[in-house]
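Subject: Structure handover

Hello,

Here is the structure for your files. My notes on it come after the display.

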Amino acid sequence: MTNSAELLIQGEHGHQQCLVQGTYTYTVTATSPCTVDSTSEVVVSEQATPNAGTDGTLTICEGTTVTETQLFDELGGTPDSGGTWSPTLSGAGTYTYTVTATSPCTVDSTSQVVVSEQATPNAGTDGTLTICEGTTVTESQLFDELGGTPESGGTWSPTLSGAGTYTYTVTATSPCTGDDTSEVVVTEQALPNAGTDGILTICEGITVTETQLFDELGGTPDSGGTWSPSLSGAGTYTYTVTATSPCTVDSTSEVVVSEQATPNAGTDGTLTICEGTTVTETQLFDQLGGTPDSGGTWTPTMSGARNIHLYCYGNFALYC
């Protein structure tokens, strides 16, 4: 019998286990004629086997380093504190917790925690967008202008309308806690403005100019548009201002041009009157050639023909 106060026995499956604790008496029986047996005792105490708990799992936020506390909290059972973790702590992976056996126990206890990562939210990077004046921006338009590889399913704020700054937010999924945001700055492209329709009267026989036509447009038309058809005299001329992308609809207006007939005093004529009489406007008018306009004026004052007189009607003259 050993004299050691710590005894070991072979347990089930050959694993070495500590002897059950208790007090054990050793007796040597007396041999006649001796009558008094001899005894001694061994007090056996137990060294607890190491306990690393049971395996667990843990999800951490992408990009973070797992801590020993996080790992330990995921072990099942009642693991002993004070063990060691391997390999060196970082991100996703399998980490082993080892509790070293205390003599006379010799078999260490281990358990594992499998760590996976939850991806951080990704709202992409900031962008810019130009829309046509008067339109309401859409979520699809905004999302298409985000840089990087943003996640779908985020939310836009404020309520979508026209020009402004819109924020895209992707909410973090536990255990991640920080939402991710990006912005799209929206500007408006002005609509083309050809003004409003107008009218213009030009003198018969002349060719209208772009300046004359433009001056007759109403409103505040954009300069730089084009006129059609080719400029000439009376007619309807269309002014077109081409839309600038992303606007797609051109703006047009019209100027209706009419002609004012040139004055016609006919052609020169001659008249003979009786001596001593005063010529009349009717007599003079009747001697004009061509098809003179009525309503003109005669100069100088009507008289007779003692001498040769020149009577002027409009731009023409009659000799009497």
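The notes below go from the whole chain to the aromatic rings and then to one threonine.

The model is predicted. Its chain holds 4 helices and 20 strands. Of the 320 residues, 29% count as buried. The accessible surface is about 19,400 Å², and carbon and sulfur atoms account for 49% of that area. Taking contacts between residues at least 6 apart in sequence, 48% join residues at least 24 apart.

Aromatic rings: a search of the whole structure gives 6 aromatic pairs. One of them is phenylalanine 143 with tyrosine 168, edge-to-face, at 5.7 Å centre to centre and 80° between the planes. This pair links distant parts of the chain, since phenylalanine 143 sits in helix α2 (residues 139-144) and tyrosine 168 in strand β11 (residues 164-170), 25 residues apart. Phenylalanine 143 is partly exposed at 26% relative accessibility; tyrosine 168, at 2%, is buried.

Phenylalanine 214 and tyrosine 239 have ring centres 5.7 Å apart and planes at 80°, so this pair is edge-to-face. Here helix α3 (residues 210-215) supplies phenylalanine 214 and strand β15 supplies tyrosine 239, 25 residues apart. Phenylalanine 214 has a relative accessible area of 26% and is partly exposed, while tyrosine 239 is buried at 1%. Separately, Phe72, Trp85 and Tyr97 make up one aromatic cluster.

Threonine 238: this residue lies in strand β15 (residues 235-241). Beyond its neighbours within four places in sequence, threonine 238 contacts Thr226, Trp227, Ser228, Thr252, Ser253 and Glu254. Its C-alpha atom is 9.5 Å from that of alanine 194, 44 residues away along the chain.

Regards

Definitions and conventions
Residues are numbered from 1 along each chain as its sequence is written. This is a predicted model: local features need pLDDT of at least 70, side-chain atom pairs count only at pLDDT 80 or more; totals for chains, interfaces and linings use all residues. Side-chain values use heavy atoms; hydrogens and water are left out. Helices (H or I, at least four residues) and strands (E, at least two) are DSSP runs, numbered from the N terminus. Buried means under 20% relative accessible area, exposed over 50%, partly exposed in between (1.4 Å probe, protein chains only). Contact means heavy atoms within 4.5 Å. Accessible areas come from the Shrake-Rupley method with a 1.4 Å probe; for residues, only the protein chains shown count as cover. Rings of Phe, Tyr and Trp (its six-membered ring) pair if their centres lie within 6.5 Å; planes under 30 degrees apart count as stacked, over 60 as edge-to-face and the rest as tilted.
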